[in-house]
Amino acid sequence: MSNGTGGDARTSEPPVAADSHDLIRVRGARENNLKDVNVEIPKRRLTVFTGVSGSGKSSLVFGTIAAESQRMINETYSAFLQGFMPTLSRPEVDLLEGLTTAIIVDQERMGANPRSTVGTATDANAMLRIVFSRLGEPHVGSPNAFSFNVPSVRGAGAITVEGADGKRTEKRTFQVTGGMCPRCEGMGSVTDIDITQLYDDSKSLNEGPFNIPGYNADGWNVKMFVASGFFDPDKPIRDYSERELHDLLRKEATKIKLAGANMTYEGLLPRVQKSFLAKDREAMQPHIRAFVDRAVTYTDCPDCGGTRLNEAARSSRVNGINIAEACSMQISDLAAWVRDLEAPSVAPLLAGLRGTLDSFVEIGLGYLSLDRPSGTLSGGEAQRVKMIRHLGSSLTDATYVFDEPTVGLHPHDIQRMNDLLLRLRDKGNTVLVVEHKPETIAIADHVVDLGPGAGTNGGTVCFEGTVAGLRASDTLTGRHLDDRAALKEKVRTPSGRLAVRGATEHNLRNVDVDIPLGVLVVVTGVAGSGKSSLVHGSIPAGEGVVSVDQSAIRGSRRSNPATYTGLLDPIRKAFAKANGVKPALFSANSEGACPHCKGAGVIYTDLGMMAGVATVCEECEGKRFQAAVLDYHLGGRDISEVLAMSVTEAEAFFGAGEARLPAAHRILRRLVDVGLGYLSVGQPLTTLSGGERQRLKLATHMAEKGGVYVLDEPTTGLHLADVEQLLSLLDRLVDAGKSVIVIEHHQAVMAHADWIIDLGPGAGHEGGRIVFEGTPADLVAARATLTGEHLAEYVGA
């Protein structure tokens, strides 16, 4: 045994080949707008990807690195299992080396399924149901007896059993005890249709009495009632007998003859229920949504009080609390209640439940409750809920991929999020973060800056290296990294006040506040302090109020900015008028569509468990239109060339000359105003980033006539350089006589405000109060709130 030479011997050992794989290498990435991108990302480090919205960050991180990692993991499963999994195509890239298992924590909203809650979307509800099934008094059954998604079912019948001694008949019974409230079927609310909003009872069927979208006097829906023979079509509805009114409103499905064809007649209420109430409200067209809001009321179920659970489930208690009361508690309070439970028989389960609930608190979501519908969570909240299952994970050498984890976070909460990202890294994981906030960029070990612009002007790596190197670089991000907006020297004078009195929505505590009108008002406070409850609860969207929230834009690959904004309608009409043909010819979703690809531009081939293949249509060469349609021109361009233009190019095209079209020019001007001039007019909505989608929605809402604009975190997904453009847009709105109320955490927007309303001091039941009202300068001078401290630090006061 050598003495004192062991250390030298070890250092002289030849390097192990496995230790050389400490980089993720990307060569020739061409996904979406990426232009043959080459990067080397260090493993077990925190790498931040930055750049303007639409520069290709998500295409590189999510569309290339994470997508290929997931695809390769899926290929390790059997062909049978792969048939049940989403099919992922191989990204457009020449080489990917050094990949590890990718765990994606994105901002996709959690499903708006009304049966999904914060508790069911995590493991918390499942564990809580087992606790009540073991410890609850009186004992009412298995964990299913506490689930609002499981109905109670009983049955009995005879079955024939074949055995060695022949066939014999046996009587069998079965019973499943569930926790679902039978009245509302576990939904927590019941719908009530206001019949007076459905029709004018002074009119007859022939006079067109219905106020329902699609029920025109000469339409099939109304002809069905007229041809049914159940009513006199010239008799006013108010004169109907009790039987006739029942047939009009509630008659069950019945076969009738209409124009020689067999049709199914059904009462008005079940038809409305199926046509409108079975659909997601957010996916409805505006006029249909307005009808539903007018005619339908949602009230808490009178049997279960909105808890979704039947009486048996609510009767069982642990330490004086039933499961409905436990789920309605603020999670920070529920965590304290669970800590007080002592039951050796379920000790491991209680330890797991405590860990999950403590993770909620640690990640800044202690103000939520387990019965909160998951569809009501913001994108940032949904992302943090998804993070919970990873916080206590023992996995190492995995790649965690985050999409703007600071969205919806107050500057005070961003530090906590940064600590969590560093903790994941320090466990030995690779952490990839797409981010714009300078506070998170500052903690990066490695930075990849994409750009220099957006869309076709982006897709290249402008800088790769340390944060200090980024600061010294001449890239757009480097130049703006230390930008700080100054406080306004002079604020505008309000033109009036919007008085809010006794607001008690959610956690608000009888709040009284006067919101100034005719100025830029910023409502701020820590996440969960009651900002959205105050603004959306007290300023309902309606006459004169334009509300732009964070709900997702829904659209297929056939939808694009032209169809979403209504831009395509005046363009089609102009093409039709100039060429003397029908407008429908200039829609790829109607008569003008290429017959081979049905207007999609590509042919999709389903390969079962393998990723489907999309090939450019050979007949139209991806232009989506019939060849004959492309012979028609406006201003020297055909319709496919117009849809291929950028917004900026199209604005100039329709702004002057032969193709001058004021209706189209106005829409394009709004798109340029919100910073979307680089998008193609016909670019599919599915290829747009989150920030681009929200600004597209903002541009659409700017067309609405209203005196008050309510914006919910408009800086979401915006690069530091783009925030300046947003502020100038808000200024233009206010200078045009509008009142702008913004829910926002970004210090640049706060500094630019005329008036700030700060809620807090904490989240959940520790918030819900106004802790400051006044100008940004007064907030900084007082430094009496968390917001004041962070804003003072931001402006260098």
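Buried, on this tour, means under 20% relative accessible area, with exposed over 50% and partly exposed in between (1.4 Å probe, protein chains only). This is a predicted model, in which local features need pLDDT of at least 70 and side-chain atom pairs count only at pLDDT 80 or more, while totals for chains, interfaces and linings use all residues. Residues are numbered from 1 along each chain as its sequence is written, and side-chain values use heavy atoms, with hydrogens and water left out.

**Stop 1: the cysteines**

Select C301, which is buried with a relative accessible area of 1%. The structure holds zero disulfides, a disulfide being a pair of cysteine sulfur atoms within 2.5 Å. C184 is in no disulfide, and its nearest cysteine sulfur, that of C304, is 3.7 Å away. C184 is buried too, at a relative accessible area of 5%. For C301, also in no disulfide, the nearest cysteine sulfur is again that of C304, 3.7 Å away.

**Stop 2: G186**

Move on to G186, in the loop between β7 (166-176) and β8 (189-193). Helices (H or I, at least four residues) and strands (E, at least two) are DSSP runs, numbered from the N terminus. Is G186 buried or exposed? G186 is buried, with a relative accessible area of 0%. Show its contacts (heavy atoms within 4.5 Å): leaving aside residues up to four places away in sequence, G186 touches R115, F148, M180, C181 and R308. Then draw a distance from G186 to A217: these residues are 31 apart along the chain, and their C-alpha atoms are separated by 38 Å.

**Stop 3: the domains**

Colour the chain by domain, with bounds that come from an automatic or database domain assignment:

- domain 1: 21-109 + 377-480
- domain 2: 118-156 + 171-182 + 304-363
- domain 3: 189-300
- domain 4: 483-553 + 690-796
- domain 5: 556-687

Taken over C-alpha atoms, the centres of domain 2 and domain 5 are 53 Å apart.

**Stop 4: two nonpolar cores**

A nonpolar core is a set of buried Ala, Val, Leu, Ile, Met, Phe, Trp, Tyr and Cys residues joined through side-chain atoms within 4.5 Å. Select I571, I639, F654 and V740: of the 71 residues in the largest such core, these touch the most other members. Helix α26 (residues 720-735) gives the largest share of this core, seven residues. Why does the core lie between domain 4 and domain 5? Both domains give residues to it, so it lies between them.

Zoom in on F654. Not counting residues up to four places away in sequence, F654 touches I571, L634, V642, A659, R660, L661, A664, H665 and L668. There is also a second, separate core of 70 residues, which includes C327, A335, L368 and V526.

**Stop 5: strand β1**

Show β1 (residues 23-29) next. Five of its seven residues are buried, so β1 is largely enclosed by the rest of the structure. Two strands pair if DSSP finds at least two bridges between them. β1 runs antiparallel to β2 (residues 37-42), to which five bridges join it; here L23 stands opposite P42. Three bridges, also in the antiparallel sense, pair β1 with β4 (residues 95-97), where L96 is the bridge partner of V26.

**Stop 6: helix α5**

Select α5 (residues 124-135). Its 12 residues reach 16 Å from first C-alpha to last, close to the 16 Å expected at 1.5 Å a residue; the expected span is 1.5 Å times one less than the number of residues. The buried residues of α5 include M127, L128, V131 and F132.

**Stop 7: backbone exceptions**

Most residues other than glycine have a negative phi, and most peptide bonds are trans. Look at G451 and P452, joined by a cis peptide bond with omega about 0 degrees; P452 lies in the loop between β16 (446-451) and β17 (460-465).

Next comes R624, with a positive phi near 80 degrees, in the loop between β23 (610-616) and α22 (639-644). R624 is buried, with a relative accessible area of 14%. Finish at E713, whose phi is positive at about 50 degrees. E713 sits in the loop between β24 (708-712) and α26 and is buried, with a relative accessible area of 10%.
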